[in-house]
Amino acid sequence: MSALTDRLDRAAGQSRVAAAVSGSVRRLRRAGGNVALGLVDQGLLSGSAFVLTIVLANVLDINSFGRFSVAWSFSILIEAVFLRGLFDDGLPATAHRIPRTRWPQLRLGLYLSSLLVSGSLGLLLVIAGLVIAAVGGEAGGLVIATGLAIPAVRLQSMFRRICYLDGRLPRAVASSLTYCVVLVASAGLMIALKLTGAAAAMACIAISGAVAASLLLIHTGELAWPEVRIFRGSLRRLFRNGRWFVATSLTYWIGSIGLIPVCGVLIGLDASASLRILLLVFAPLSQFCATMFSVRLPEIASELRAGRRSAVAAAARENALLLGSIAVAYGAIVVLLGQRILALVIHGQTYQIGTGSLALMGAAMALDAVWLGLALPLFATGRPQRFMLSRITGLVALCCVLPLAAEAWGIMGAVAAMVASSAASVITVVLTNSAREQA
């Protein structure tokens, strides 16, 4: 009887192991499919931005391209830092705290509130642009176009973020494909009509974002008018954590894209244009990291919500190692081939981009990838404040190094300051994590 019982126990154990392995395989396949679709989605956006930037770098004079780069950097400040920090970054943690049956209310509430906030900011910019144009300023049209682009891009970004939350990545891909097609068509029309200016380029982005965002109208059946209590509670939770997401993203923006206008002040608009090209070269890496972040964030939030909080440290190390390794490999390829590729696609303009600048930018991006991997699990739990100290340390390092380095070495000095900032951030977060685990 005992032998029979042992055989039954072994058989049951083997069945449990087989079920666990089968479940793991299914999860890996599902995750692999999501990552593949996410890469297609981000690749379309990154590719369209790359093509537009290369076209503008060739058809605009270097100062006009510098002005467009400055306007683009401020639009990223509003969209990717302020609005995304308020509405997008804390969404997985917030959504998994309410029943899925109420997600239709959450979706519509997010669309309405994000459109209200972004539309208000865009309206202020449009008014400012009209005033600038009325007094004869050259930048009036560019400011107006930027004001129109902000709510359009925000609505498309909100639609894509909800697609990631729902696990419906084909919809996000369709939206990004629409954006890409419209952007190429509008940019071609801009060139054909000889409207080659910074304002016209920003208008192309506004038109493309609006058309891509309109795809949400196809799925209105999945929306429901939110109850006041649900709407207010969800927004309160988003905004409460959002201030930390905004602060964390702001420190990152200052140390990367925010250097575009700073270089324009310290060195000149040609330096702003060169830094924009440098960031463009590493945009595929940034988009890959963003894809991994967007795909993994809802999954990790769901796991941690289920009580598996011991996985936070392990997930942080796993993601940091993965993203850091990919960033190092990408940076090595760019150092070897970057100047040749730029020489093939940019003609008639001279940008301050050498092998040293490419290598330093690769180092900065690799360190940022490691930081993002370490931060991902805490973003999933809605606690980014734990990483604020690391970003503040990086910002202090940037402020100390940038003025002297930029004056001594120009654009290469500015990129060296980015490396110092990223290194300080990673060192700080590793030390604080080690202290927390030992406590």
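What share of the contacts in the protein with a separation of 6 or more comes from residues 24 or more positions apart? Such residues account for 83% of these contacts, a contact being heavy atoms within 4.5 Å.

This is a predicted model, in which local features need pLDDT of at least 70 and side-chain atom pairs count only at pLDDT 80 or more, while totals for chains, interfaces and linings use all residues. Residues are numbered from 1 along each chain as its sequence is written, and side-chain values use heavy atoms, leaving out hydrogens and water.

The protein has 15 helices and 0 strands; these are DSSP runs numbered from the N terminus (helices H or I, at least four residues; strands E, at least two). Of its 439 residues, 50% are buried. Buried means under 20% relative accessible area, exposed over 50%, and partly exposed in between (1.4 Å probe, protein chains only). The accessible surface comes to about 19,600 Å², and carbon and sulfur atoms hold 69% of that area (Shrake-Rupley method, 1.4 Å probe).

Two surface patches may be described. Patch residues have over 30% relative accessible area and no salt bridge, with like charges joined within 9 Å and nonpolar side chains within 5 Å. A salt bridge is a side-chain nitrogen of Lys or Arg within 4 Å of a carboxyl oxygen of Asp or Glu.

| Patch | Residues |
|---|---|
| Positive charge | Arg97, Arg232, Arg236, Arg240, Arg243 |
| Nonpolar, about 390 Å² together | Leu123, Ile127, Val131, Val135 |

Arg243 is found in helix α8 (residues 228-254) and counts as partly exposed because its relative accessibility is 49%. Val135 lies in the loop between α4 (103-134) and α5 (140-166); at 69% relative accessibility, Val135 counts as exposed.

How values were computed. Lys, Arg positive; Asp, Glu negative; His and termini not counted. Charge placed at Lys NZ, Arg CZ, Asp CG, Glu CD.
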